[in-house]
Amino acid sequence: ASYAQLAPTPINIIVHEQILAVANRSDVVGAMQVWGELTSCIVKLNIETKVDVVGSQTEIRRRILDSKVDLLVLDSMQFTKLSDAGLLDGVAVTSNAGHPSLYTYLLLVDQQTTSLAQLHSKRAVFYATTGSSASLAWMATLLAKEHLGKIETFFGPSEISNKATSCILPLFFGRVQACIISRLDWDLVKEMNPQLGSKIKILAESRPVLESVTAMPKRLIPHRQQIIDSLLTMHNYPAGNQILSLVKSGPMIPYRPEYIESTRMFWEEYVLTLTPAERLVRNDSEQSIVPKQFGQTNGVLNNFEAIH
């Protein structure tokens, strides 16, 4: 049935720019528009979505206060800030095997490396699932705790990748000396390639961190529960599964406050590594954690010349 004859129900959506490490801007905007069409069918409304990709937390806060946004997809760091300010309610999170997509990051090294200090001036590959780059934030925290300086001065030529094999295989073949990867991806790759465990070991492990949260402002929003229900049931439809595959997720599951506690501690530890000036820049302009000299790659194995 078509619901185009009904009065339009506008939904203004903000996707935080930091989410775009796992998908390009046009894919994300297109996916949210498809979600609007799917939601029209699920809840029998004529949903009209307007999707904006926004990088500034100041701008996001302004739109919330001006009632100009109805749904937000945020990385966990930004959600924590805005939720703690009393502006948002979490409504849904991505999942893996029925559990919230909490990532634990591992520092993988070869069998001969026994301390973080030994990696000074060495090459590394960092796995980044969102632009907030939690893997780099964790590494910054580790370096600060051991008084080893900043990422950009500690490591040699390094790269960012959103593909697990592009992090692990260069380490296995000795092209880089460190790899920061999620435990989930390490376990999956090691299961397919058991020989990896003979040359690679875990040197350090992070606390779990939630990558992203779908949220809504605390104000009254028309059809609020129907919108939430459509998020939580979209995996029952082919179009919904396509959207979820874009962000490498199983079904969306309801947000619960306890999901964010470990994440809050993760980011609080990172913020403590920043100088007051760096904190000001971070809060105002959402400066990327990724050092400018780090290369961006989706296939380090196909471009070893860049890090030789």
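1. In this predicted model, the side chains of Asp70 and Arg219 are joined by a polar contact of 2.8 Å. A polar atom of the Asp70 side chain also lies 2.7 Å from the backbone nitrogen of Asn12.

2. Asp70 sits in the loop between helix 2 (57–65) and strand 3, and it counts as buried because its relative accessibility is 8%, which falls under the 20% cut-off. Once neighbours within four places in sequence are set aside, the residues in contact with Asp70 are Pro10, Ile11, Asn12, Ala215, Met216, Pro217, Arg219 and Ile221.

3. The largest pocket holds about 550 Å³ of space and has a lining of 30 residues, among which Thr94, Ser212, Leu244, Val247 and Lys248 lie nearest its centre. By class, this lining divides into 20 nonpolar, seven polar and three charged residues.

4. As for the elements that contribute to this lining, at least two residues each are supplied by helix 1 (25–43), strand 3 (71–75), helix 7 (183–192), strand 14 (212–217) and helix 9 (238–246); the largest share, four residues, comes from helix 1.

5. Taken as a whole, the protein chain comprises eleven helices and 16 strands, and 53% of its 308 residues count as buried. Of the contacts between residues at least 6 apart in sequence, 80% join residues at least 24 apart. The accessible surface of the chain comes to about 13900 Å², with 54% of that area belonging to carbon and sulfur atoms.

How values were computed:
Residues numbered from 1 in each chain as written. Predicted model: local features only at pLDDT ≥ 70, side-chain atom pairs only at ≥ 80, totals over all residues. Heavy atoms only, no water. Buried < 20%, exposed > 50% of the residue type's maximum accessible area, 1.4 Å probe, protein only. Contact = heavy atoms within 4.5 Å. Areas by Shrake-Rupley, 256 points an atom, 1.4 Å probe, with all protein chains shown as cover. 1 Å grid on protein atoms, 1.4 Å probe; cavity = no way out; pocket = protein on both sides within 12 Å on 5 of 7 lines; lining within 4 Å. Points joined across faces, edges and corners; volume = space filled by probe spheres on them. Nonpolar A, V, L, I, M, F, W, Y, C, P; charged D, E, K, R; others polar. Polar contact = N/O pair within 3.5 Å; in protein donor to acceptor, adjacent residues only side chain to side chain.
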